[in-house]
Amino acid sequence: MSAPRGHVLAKAATLIEALPWLERFHGKTVVIKYGGHAMTDEALRRSFAEDVVFLRYAGLRPVIVHGGGPQINAALEKQGIESSFTAGLRVTTPEAMEVVRMVLVGQVNRDVVGLINRHGAFAVGMSGEDANLLTAERKPAIVDGEPVDIGQVGEIVEVQVGAVRSLLDDARIPVISSVARGDDGEVYNVNADTAAAALAVALDAVKLIVLTDVEGLYADWPESDEVIDELTTDELAKLLPDLSAGMVPKMGACLQAVRGGVPQAHVLDGRVPHSLLLEVFTDEGIGTMVLPSRGGAS
Ligand SMILES: Nc1ncnc2c1ncn2[C@@H]1O[C@H](COP(=O)(O)OP(=O)(O)O)[C@@H](O)[C@H]1O
Ligand SMILES: CC(=O)N[C@@H](CCC(=O)OP(=O)(O)O)C(=O)O
């Protein structure tokens with residue numbers, strides 16, 4: 001018998017590299033935030049779905065929380081509704097809220113469910129309103145230390161994960177829109193990064209993974225594209241006030257998740273095919289990883 005060729009051995013090496021990670025993450029819940037900017041290219045959308053289904057077959061319990069900022073912008077523009085952001089959050093009038101809900105729950109959620117279910121009957125879509133999954137209260141934005149009213153934007157005050165756990169126990173992949181109910185009868189627009197963090201904490205996830213359209217957190221954006229590989233929650237808390245708008249909810253979510261007990265949070269480049277698999281199953285350090293500061297989960 002001839003010796004196996006180099007490329008065959010390299011394939012075996014790649015597969016076996018995944019073993020420690022398979023052992024570590026088997027049966028564990030991973031919350032993946034799929035950002036609106038990461039879902040624009042069809043080939044990347046397909047590779048995202050493949051990765052999620054791969055995770056599921058590998059024995060993890062993936063939960064998807066999707067965004068849809070660019071898709072909401074397009075729908076608002078089409079309807080001639082003006083839209084602006086304050087501190088990274090959409091100023092949400094009642095008129096805009098109707099569009100946000102329609103786009104997130106009726107359009108983007110359906111698209112992500114359909115994408116995953118090309119591989120089998122896995123994905124089940126939910127709005128945060130379903131089974132009282134997410135309850136929110138009206139939240140002002142903080143600008144220069146002062147609260148500013150930004151309409152129907154919610155801060156999550158309660159998470160009831162029963163329905164999500166049932167789906168996971170049934171081997172499904174929950175796909176969740178970041179729209180929340182309020183005890184006051186209102187519907188709230190919640191930033192999807194924030195919703196993902198709250199769910200990761202409530203589900204005792206081993207990881208929060210945020211897929212976006214940059215390589216990670218840039219140290220000195222927009223001056224340089226040097227990515228911060230790793231930082232602690234204390235370091236992140238110091239950086240947070242100086243970050244520019246788009247990154248504020250994202251890094252705030254990573255901080256909230258890790259301070260809430262999630263062992264690690266990652267910001268990954270959704271434009272890199274299979275970045276999810278690379279992050280979970282290989283030794284490659286990609287994107288930015290947030291870890292607890294020494295001396296406890298904070
Ligand atoms: N320090 C930073 N590091 C990386 N990206 C940054 C930074 N500050 C601002 N950004 C911007 O934030 C954007 C990502 O946020 P956002 O547009 O909300 O993405 P998503 O739709 O994935 O949630 C990046 O495309 C980049 O333009
Ligand atoms: C309050 C708030 O800003 N909500 C977001 C919800 C969608 C979202 O977060 O989408 P991305 O992750 O693609 O940015 C919005 O209206 O755009």
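A polar contact is a pair of N or O atoms within 3.5 Å; within protein, one must be able to donate a hydrogen and the other to accept it, and residues adjacent in sequence count only if both atoms are side-chain atoms. The model is predicted: local features need pLDDT of at least 70, side-chain atom pairs count only at pLDDT 80 or more, and totals for chains, interfaces and linings use all residues. Residues are numbered from 1 along each chain as its sequence is written, chains are lettered from A and ligands numbered from 1 in the order in which they are written, and side-chain values use heavy atoms, with hydrogens and water left out.

**Ligand 1**

Ligand 1 is surrounded by 16 residues (a heavy atom within 4 Å). H37, T212, D213, Y218 and K250 are the closest.

| Residue and its atom | Atom of ligand 1 | Distance |
|---|---|---|
| H37, side-chain N or O | oxygen | 2.8 Å |
| Y218, backbone N or O | nitrogen | 2.9 Å |
| S244, polar side-chain atom | nitrogen | 3.0 Å |

On its own, ligand 1 has 580 Å² of accessible area (Shrake-Rupley method, 1.4 Å probe), and the protein covers 83% of that. Two elements each give two or more residues to the shell: β13 (207-212) and α9 (247-259). Helices (H or I, at least four residues) and strands (E, at least two) are DSSP runs, numbered from the N terminus.

**The annotated domain**

UniProt lists residues 28-269 as "domain: Aspartate/glutamate/uridylate kinase", in an unreviewed entry; such annotations may be inferred rather than shown by experiment. Over residues 28-269, the chain is 36% helix and 26% strand. The end C-alpha atoms of this stretch are 23 Å apart.
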